[in-house]
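User: I have a structure to go through for class. Can we take it piece by piece?

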Amino acid sequence: MSPSRYQKQMLFAGVGLDGQQRLAGSHVLLVGCGALGCVVADTLVRAGVGRIRIVDRDFVELSNLQRQILFDEQDVAEHLPKVIAAERRLRCVNSEIAIEPIVADVDWSNICQFTEGVSLILDGTDNFEIRYLINDVSLHAGIPWIFTGCTGSVGQVMPVFPHDSACLRCLMPTPPPLGSTETCDTAGVLGPAVNVVASFQAALALKILTGHAHEVARKLTIIDVWSDSFRQVDVSKLRATSQCPACFQGERLWLHGSQKSSSTILCGRNAVQVTPPEKLTLSLPDIANRLLAVGEVVLNPFLVRVIVSESYGEHSLEITIFPDGRAIIRGTDDPALARILYSRYMGT
Ligand SMILES: [Zn+2]
């Protein structure tokens, strides 16, 4: 560790030499390297967090550059996976840090290997299925995590200290119904909104990693950069009053794989079918309305079809969604890409 690099941070009373040494000895997992993940990774690498494992399944696209601060046009031209592009950039920022990039789709079968050895999990994801999985693994392994989300101009952050503070299921017993929430791909997102909440998450991470976890307020923070509002909800009593099955009955629906979406390649059809964790009854007109931002939409009583206007490499894609939540993504035989698109447009 080069002390002069961190001089200004060590001058700050909350960090000091002891805190800086703790940061250097820390190992964290960042799940997702999109807009939130980029800011968090950049901040923690500059701050001297010794080891950062970053897992993401996506690749860099032109539409990411508006807010995903670790990427540039060269990464788009090279079609690089986000974690590989991030690693290249982060190594230039601070070569003292051990960066572990992993290109993978995080799910119940592999998450435990990603949390091995880490003391904090950071949420850089854009979907609730993975957040509930992180919540399960946090409670299972006793590792704190920081829930963070951002859509439009609004972001929210809540730290979770397992078996101590409210968990995600204490706050929301079940994920929002599929297709019921806006996503960054249907409602858009402002770069400054992401930067504010991601920085807030990074500050909480520094506080926890420097040994000040007990000083972190048990609050859900909601920031709207467009209506200039900052709001905090006290969740310190929520766990005790929630009767949360994850906290008190050891229920781990996501970690045990009983709540997961799946994808199947439809042979010879250049298409992949994605099936949600449970059967749903969707409002097709609502879905159709939301997908107007994505491309040309066709609605009939049986399905919604959208021809995606954004191009994905050589892929020209068409997504068909049925009332039970099932979708067929035509134009690819790559299940990973199909799952990415499904979560983008359906908000899982
Ligand atoms: Zn709980």
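Predicted model: local features only at pLDDT ≥ 70, side-chain atom pairs only at ≥ 80, totals over all residues.

User: How many of the residues of α7 are buried, out of how many?

Analyst: 12 of the 14, so α7 is largely enclosed by the rest of the structure.

User: What span should α7 have, and what do its ends show?

Analyst: At 1.5 Å a residue, the 14 residues of α7 (residues 128-141) should span 20 Å.

User: What follows α7?

Analyst: Gly142, with a positive phi near 70 degrees.

User: Now β4. Which way do its residues point?

Analyst: In strand β4 (residues 120-123), Leu120 and Leu122 point one way, Ile121 and Asp123 point the other way, and all are buried. In a regular strand, side chains alternate between the two faces of the sheet.

User: Which strands does β4 pair with?

Analyst: Strand β1 (residues 27-31) pairs with β4 in the parallel sense, over 4 bridges. Strand β5 (residues 145-151) also pairs with β4 in the parallel sense, over 2 bridges. Leu122 of β4 is the bridge partner of Leu30, and Leu122 also stands opposite Ile146 in β5.

User: You mentioned Leu30. What does Leu30 touch?

Analyst: Not counting residues up to four places away in sequence, Leu30 touches Gly37, Val40, Ala41, Ile52, Ile54, Leu122 and Gly124. In the largest nonpolar core, which has 75 residues, Leu30, Ala41, Leu44 and Ala205 are those with the most contacts inside it. Helix α10 (residues 191-209) gives the largest share of this core, 11 residues.

User: What about a second core?

Analyst: There is a separate one of 21 residues, and it includes Leu282, Ile319, Ala338 and Leu341.

User: Different topic. Where is Thr183, and is Thr183 buried or exposed?

Analyst: Thr183 lies in the loop between α8 (168-171) and α9 (184-187). Thr183 has 22 other C-beta atoms within 10 Å, and the cut-off for buried is 20 or more, so Thr183 is buried.

User: Which residues is Thr183 in contact with?

Analyst: Leaving aside neighbours within four places in sequence, Thr183 is in contact with Asp126, Thr151, Arg344, Tyr345 and Gly347.

Conventions: Residues numbered from 1 in each chain as written. Expected span 1.5 Å × (residues − 1). Pairing = 2+ DSSP bridges. Contact = placed C-beta atoms within 7 Å. Core = buried A, V, L, I, M, F, W, Y, C linked by C-beta atoms within 7 Å.
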